Amino acid sequence: QVQLVESGGGLVQAGESLRLSCADTGRTFSSYHMGWFRQAPGKEREFVAAISWSTISRYYADSVKGRFTISRDNAKKTVYLQMNSLKPEDTAVYYCNAPKWGSWEALAAWGQGTQVTVSS
């Protein structure tokens, strides 16, 4: 099982960058594909990006493609989301999870998330 703790959120201006981290306090991180999701106020949680357990494959939502980069360090049991050229519409609570590849169905319990606020 993965047990996830997100960090790195904050308040930034449009065009700036943030790097989110998600640490797994469980035992089997390297066996799972990992992903980032976000939930904006009044909206449903949506898929943002995923990286395969081997790090060979990455997939991004169209809304973040070219601006966000997902990576992982299996030795540190941590997945990262580098967010560049942030826009006000990126404002949301960001969560990591272990999704099923392709459907992006989240398989783990949700953590507390980390708030990202982008001002215009």
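Predicted model: local features only at pLDDT ≥ 70, side-chain atom pairs only at ≥ 80, totals over all residues.
Start with the open sheet. Select S1, S3, S8 and S7: these 4 strands form the sheet in that order, with antiparallel pairing. Residues 4-7 make up S1 and residues 68-73 make up S7; both strands stand at the edges with a single partner strand each, so one side of each has no neighbour in the sheet. Looking across this sheet, neighbouring strands are turned by 15° against each other on average, direction ignored.

To find one of the pairs, select Leu4, whose bridge partner in S3 is Asp24.

Next, select S5, residues 46-51. This strand is mostly covered, with 5 of its 6 residues buried. S5 has bridges to S4 and to S6, and the next two stops take these in turn.

For the first, show S4, residues 34-39, which runs antiparallel to S5 and is joined to S5 by 5 bridges. Met34 stands opposite Ile51 in S5. Then follow the chain through the hairpin of S4 and S5, where 6 residues lie between the strands; Gly42 takes a positive phi there, near 75°.

For the second, show S6, residues 58-60. S6 is antiparallel to S5, and 3 bridges join them. Keep Ile51 selected: Arg58 in S6 stands opposite Ile51.

Conventions. Residues numbered from 1 in each chain as written. Heavy atoms only, no water. Pairing = 2+ DSSP bridges. Axes fitted to C-alpha atoms, helices over the stretch in contact; angles between N-to-C directions. Buried < 20%, exposed > 50% of the residue type's maximum accessible area, 1.4 Å probe, protein only.
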